[in-house]
Amino acid sequence: MWIGGALADEIPRDQRRSGYETMRPETRAMQDSDADNPATLWVLDGEALWNKREGAAGKSCADCHAGAAPMKAVAARFPRFDAARATPVDLEQQINICRRDRQNAPPLAAESHDLLALEAFVAKQSRGDTIEPNREPGAKESIEAGRKLFNERRGQLNLSCAQCHDDNWGKSLGGANIPQGHPNGYPLYRLEWQSLGSMGRRLRNCLSGMRAELWPRDAREYVDIEMYLMSRAAGLKMESPAVRP
Amino acid sequence: MTRALVNVPARAKKGDIIEIKTLISHPMESGYRVGYGGEPLKRDIIQTFSCDYDGAKIFLAQFSPAVAANPFVSFHTVATASGKLVFRWEGDNGFEAEETAEIVVE
């Protein structure tokens, strides 16, 4: 068998579509109304946490960020390249950086209710904002690393992300519709999970589906892929917290 | 933290058919699953959900272990009088939650 590193063709810009567009009307209706979207339960908890004083510094997120208004469009440009730390940082890592360095509070566990709630609340302030290409110095290298990972075959099924999400989007895989694989709705409520979940959870889900070995939770690979996915989704609108089947 | 969301139109005309939507955070653990260590997970579900309006019970639902987490229920009723709607959820392990909403009927 030929095991190639050849890049599949990227989806032309004018054909890039959010996963929302290929969902059933009932699932779209859930996302369209906050009263129907179960993610609202997390957003409300996130708002309470945003205003709560935490840690030895005795400060709330709101104390420093002057309400939530400055969070507008922030999720549309995460992950960002943190030059001081010389690493790409995604939204949940940024929240934990603020907890640790600014609030003097212990970081929240990955995929915990409170971290997802805060992330949902922050990301919701960017609903409807357009994802812009990331032009920060240092970002390019991370995006290219992500692009490479996306196009590499891996796992017992010897598949690449691109084979499903670039080459076969719009077709079905068992009962599921293969979306283009855009990151514009995270964190989101997935009906199959019966819960809100992060981008990391989604990526681990696809990796398991490929029967590939998972990287450790805090591995740089996930953030590089996220960086690439955001550059690939430039022009799409943020939907966080979205609903997906 | 239990959160419940209820959505009732603030105003309606007498005789109008109105839609009511409710959503509550709850794991709805079926009692048929095991945890990561193979230990059985105890059943923890909401058993009943009800709505009282204008002094009468207008809606009652009994949930089963097959209902998904964070149950969403929507139903219709006829706007009869201004007043309070009281929503109650009760379940395993003494679970109780209540929410109210006001409607003006003219």
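1. A:R99 sits in helix α4 (residues 91-102) of chain A, while A:E54 is in the loop between α2 (39-50) and α3 (61-65) of chain A, 45 residues apart. Helices (H or I, at least four residues) and strands (E, at least two) are DSSP runs, numbered from the N terminus.

2. Before going on, please keep in mind that this is a predicted model, in which local features need pLDDT of at least 70 and side-chain atom pairs count only at pLDDT 80 or more, while totals for chains, interfaces and linings use all residues. Residues are numbered from 1 along each chain as its sequence is written, chains are lettered from A and ligands numbered from 1 in the order in which they are written, and side-chain values use heavy atoms, with hydrogens and water left out.

3. On confidence, chain A has a mean pLDDT of 94, and 97% of its residues reach 70 or more (pLDDT is the predictor's confidence in each residue, from 0 to 100). Over residues 1-6 of chain A the pLDDT is below 50, and this stretch has five contacts in the model beyond near neighbours in sequence (contact means heavy atoms within 4.5 Å).

4. Back to the charges: there are 28 salt bridges over all chains. A:D129 pairs with A:K72, the closest N and O atoms being 2.8 Å apart. A:D129 is buried, at 15% relative accessible area, and A:K72 is partly exposed, at 46%.

5. A:D166 and A:R232 make another salt bridge, with closest N and O atoms 2.8 Å apart. A:D166 is in the loop between α7 (161-165) and β3 (172-173) of chain A, and A:R232 is in helix α9 (residues 220-232) of chain A, 66 residues away. Both A:D166 and A:R232 are buried.

6. Chain A also has an open sheet of three strands, ordered β6-β5-β7 with mixed pairing (two strands pair if DSSP finds at least two bridges between them). β6 (195-197) and β7 (243-244) of chain A each have a single partner strand, so one side of each is left without a neighbour in the sheet. Strand β5 (residues 188-190) of chain A runs antiparallel to β6(A), joined by three bridges; A:L188 has A:G197 as its bridge partner in β6(A).

7. Where do the two chains meet? The contact takes 15 residues from chain A and 12 residues from chain B. Across this interface there are two salt bridges. A:D36 forms a salt bridge with B:K21, the closest N and O atoms being 2.9 Å apart.

8. In chain B, strand β4 (residues 46-53) runs antiparallel to strand β7 (residues 83-91), with seven bridges, and B:F49 stands opposite B:W89 in β7(B). β7(B) also pairs with strand β8 (residues 95-105) of chain B, antiparallel over nine bridges.

Key: Salt bridge = Lys/Arg side-chain N within 4 Å of Asp/Glu carboxyl O. Buried < 20%, exposed > 50% of the residue type's maximum accessible area, 1.4 Å probe, protein only.
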